[in-house]
Amino acid sequence: MSGCCSPQGHYAIFDERFARSVADRYRRRGLTAAQRQIIGFLSRRGVEGATVLEVGGGAGEIGVELLKRGADHVTTVELVSSYDAEAASLLEAAGLIHRARRLQVNIALDPDAVEAADIVVLHRVVCCYPDHQGLLASAASHARRLLVFSHPPRNLATIAYAGAQNLVFRLAGHGFKTFMHPPAEMLATLARQGLAPVYRHRGALWHVAGFSR
Ligand SMILES: C[S@@+](CC[C@H](N)C(=O)[O-])C[C@H]1O[C@@H](n2cnc3c(N)ncnc32)[C@H](O)[C@@H]1O
């Protein structure tokens, strides 16, 4: 695969420097507002003893917090390996490294590479992948109980912003694009996989949607 969706395309943006900045922010300031919405939704539904699959989990802050709240085990799948050192450092600092593992997998193209989990999380991921249907259908097929994902609000301002951002990426020669997928289509994909919407939060930067099977 080439262009915006190859691991190389993602690595141009989500490199070790990006991973360090995300992990450092979490070390200094804890969870972001959107991450708190995700953790809050899952905690209210119950994470005790749950297995978690985080797709595009980056440095793994959400996984660390779910393990602290009693989740049994977290598997993170990522297109790139650039986060691995920071993710291991966050897990080690929390004494949780033995309850987590990471795989370098494109879950949309290789769904069988990872097993199902009670809870599936995708935070800030659908906007980095062109085939939202393939990505969400695969993620949903792995969700035994709950799925939660975030996406940017889709309006004229965010579509224009994404267009400008993509122009900058193209001019800089980065093989990466962002996408403002239609929320209704993403929700319809999850409904076809047997997931019912049970939670919605509309933040300024990220909308969070929670689903139950
Ligand atoms: C904006 S980053 C977000 C990372 C992390 N969730 C966070 O909020 O910091 C999006 C991540 O999704 C990953 N990603 C995108 N499509 C993916 C796919 N099909 N399978 C696995 N990971 C994917 C990319 O490698 C990238 O690291």
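Residues are numbered from 1 along each chain as its sequence is written. Because the model is predicted, local features require a pLDDT of at least 70 and side-chain atom pairs count only at pLDDT 80 or more, whereas totals for chains, interfaces and linings use all residues. Helices (H or I, at least four residues) and strands (E, at least two) are DSSP runs, numbered from the N terminus.

The sheet is open and contains seven strands in the order S3-S2-S1-S4-S5-S7-S6, with mixed pairing; two strands are taken to pair if DSSP finds at least two bridges between them. On average, and with direction ignored, neighbouring strands are turned by 15 degrees against each other. Angles are taken between N-to-C directions and run from 0 to 180 degrees, with axes being lines fitted to C-alpha atoms, for helices over the stretch in contact.

Strand S2 (residues 73–78) pairs with S3 in the parallel sense over five bridges, and Glu78 has Gln104 in S3 as its bridge partner. S1 and S2 likewise pair in the parallel sense, over five bridges; here Glu54 is bridged to Thr76 in S2. Five of the six residues of S2 are buried, so the strand is largely enclosed by the rest of the structure. A residue is buried if 20 or more other C-beta atoms, placed from the backbone, lie within 10 Å of its own, exposed if 12 or fewer, and partly exposed in between.

Helix H3 (residues 33–45) and H4 pack at an angle of about 35 degrees, their axes being 11 Å apart. The contact joins Gln35, Ile38, Ile39 and Leu42 of H3 to Glu61, Ile62, Glu65 and Leu66 of H4, contact requiring C-beta atoms, placed from the backbone, within 7 Å. By class, this contact has five nonpolar, one polar and two charged residues; Ala, Val, Leu, Ile, Met, Phe, Trp, Tyr, Cys and Pro count as nonpolar, Asp, Glu, Lys and Arg as charged, and the others, Gly among them, as polar. Seven of the eight residues of H4 (residues 61–68) are buried, so this helix is largely enclosed by the rest of the structure. Just after H4, Gly70 adopts a positive phi of about 110 degrees.

Arg69 is located in the loop between H4 and S2. This residue counts as partly exposed, with 14 C-beta neighbours inside 10 Å. Residues up to four places away in sequence being left out, Arg69 touches Ser43 and Val47. Helix H6 (residues 132–141) lies across strand S1 (51–55), S4 and S5, and runs at about 150 degrees to S5.

Of the 20 residues around the ligand, Gly56, Gly58, Leu79, Arg124 and Tyr129 come nearest, a residue being near if its C-beta atom, placed from the backbone, lies within 6 Å. The shell has twelve nonpolar, six polar and two charged residues by class. Arg124 lies in the loop between S4 and H6 and is partly exposed, with 17 other C-beta atoms within 10 Å. Phi of Arg124 is near 60 degrees, a positive value in a residue other than glycine.

Technical notes: Contact = placed C-beta atoms within 7 Å.
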